[in-house]
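Biologist: Thanks for sitting down with me over this one. Could you show me the model, and then I will ask my questions?

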Amino acid sequence: MDVNIILLALRSIGEGEIKPRIKNLGLLYEINGVELTPEKINEYRENDLLIPTSRYSYPACGVCNSTALHIVFECPTCKGNVLTKHDMIVHYECNHIAPAEEFKFKHVSTLYTCPRCGKQLSKVGIDYGRPGFGFMCEKCKFITQYPVIKVECDNGHVSNIYDLNMVIVEGYKVSSAANSLASVYEELVTAAKILKNYGLNVDVLCKVTGTSGVVHIIPLMLKDVDMNIVIDYIPNPNDTIQWFKIIARSIDLPNVLSIVVTDKPIDANILTTFNTSRIRILYNKDGLRISELIVKEVLRIIENQV
Ligand SMILES: [Zn+2]
Ligand SMILES: [Zn+2]
Ligand SMILES: [Zn+2]
């Protein structure tokens, strides 16, 4: 960050304090190190790229539903929240309990001396005990093994643990549509690059809103003054569900010509279900690279138009 910005930020604080804050990001999805927000994930889900498979629940702030929570320890006596953790010693005779280092004063190295009554402690379990770790309040010096545990969200709302809400979120798996998109993605990028070199306006994996308001993710789209062309790749063209989607989208995008690239010849029954002037099949019978096939076809259509 620029020094100027820091200085402006410092000046804006005035008499206020720069407080440390623990920030965590709350709910996130991660794919091989790529972090995705729930909003992004939801968008992919709405576009049928992801399918919900399971449910998870997480505690969330009772005020703002944030899942970015952290624990706050509080002194049960004065509600102070500056606590330090120590290995404790208790002197049985006078009941004094304090951090072990406070019993170690004077020059005696092996023995402890009670800072309250001044007596030497020699036998653990007989005249002194080691109860383990405890928390000492910096404000009132109260020592406890059980500080009050509260939870603070990233918006600064502090609450008791049992006042938290639960949010239900879903786990997802990748849909078959996303898988087939992913498998041809590089071919589409290659085709787009070549077509761009011809001065054409091409986009890969772009979003287009249909007349119904639904947003469609288009594998490859050519935006031309006269005509928009959408290109899909369906390796198995005899799966009717795929066609329903293509046909529904074609109705929703009235000014678009759909070209569907397939690897297999298509069933005659399926061919009768759609308007071939709006949806064209491009069967890769010669086993060309998909990018090559797409470029050829697009250039052919453009040339015929002129
Ligand atoms: Zn909150
Ligand atoms: Zn206290
Ligand atoms: Zn003592």
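Biologist: What percentage of the 306 residues of the protein count as buried?

Modeller: Happy to start there, and please keep in mind that this is a predicted model. A residue is called buried if 20 or more other C-beta atoms lie within 10 Å of its own. Of the 306 residues, the share that passes this test is 19%.

Biologist: What is the radius of gyration of the protein, and is the protein compact or spread out?

Modeller: Let me begin with the make-up, which is 6 helices and 18 strands. For 306 residues the globule rule gives 19 Å, and the protein is well over that, so it is more spread out than a compact globule. The C-alpha atoms fill a box of roughly 105 × 50 × 35 Å along the principal axes. The radius of gyration itself is 34 Å.

Biologist: How many Å separate the centres of domain 1 and domain 2?

Modeller: The domain assignment places residues 20-69 + 153-174 in domain 1 and residues 76-146 in domain 2, with 176-305 as domain 3. Taking the centres of domain 1 and domain 2 over C-alpha atoms, the separation is 42 Å.

Biologist: Which residue in the hairpin of β11 and β12 takes a positive phi?

Modeller: β11 also pairs with strand β12 (residues 158-160), in the antiparallel sense and over 3 bridges. Within that pairing, V151 stands opposite S159. The hairpin has 4 residues between the strands, and the residue with a positive phi, near 85 degrees, is G156.

Biologist: Is N165 buried, exposed or partly exposed, and why?

Modeller: N165 is found in strand β13, residues 165-174. Leaving aside neighbours within four places in sequence, N165 is in contact with A60, G62 and N65. Its C-alpha atom is 9.5 Å from that of C64, a residue 101 places away along the chain. Because it has 16 C-beta neighbours inside 10 Å, N165 counts as partly exposed.

Biologist: How far apart are the end C-alpha atoms of residues 75-96?

Modeller: UniProt lists this span as "domain: C2H2-type", in an unreviewed entry. In the model, the span is 0% helix and 45% strand. Its end C-alpha atoms lie apart by 19 Å.

Methods:
Residues numbered from 1 in each chain as written. Chains lettered and ligands numbered in written order. Predicted model: local features only at pLDDT ≥ 70, side-chain atom pairs only at ≥ 80, totals over all residues. Helix = DSSP H or I, 4+ residues; strand = E, 2+ residues; numbered from the N terminus. Buried ≥ 20, exposed ≤ 12 C-beta atoms within 10 Å, placed from the backbone. Contact = placed C-beta atoms within 7 Å. UniProt positions renumbered as here; feature names shortened; annotations may be inferred. Pairing = 2+ DSSP bridges. Domains from an automatic or database assignment. Rg over C-alpha atoms; globule rule 2.2 N^0.38 Å.
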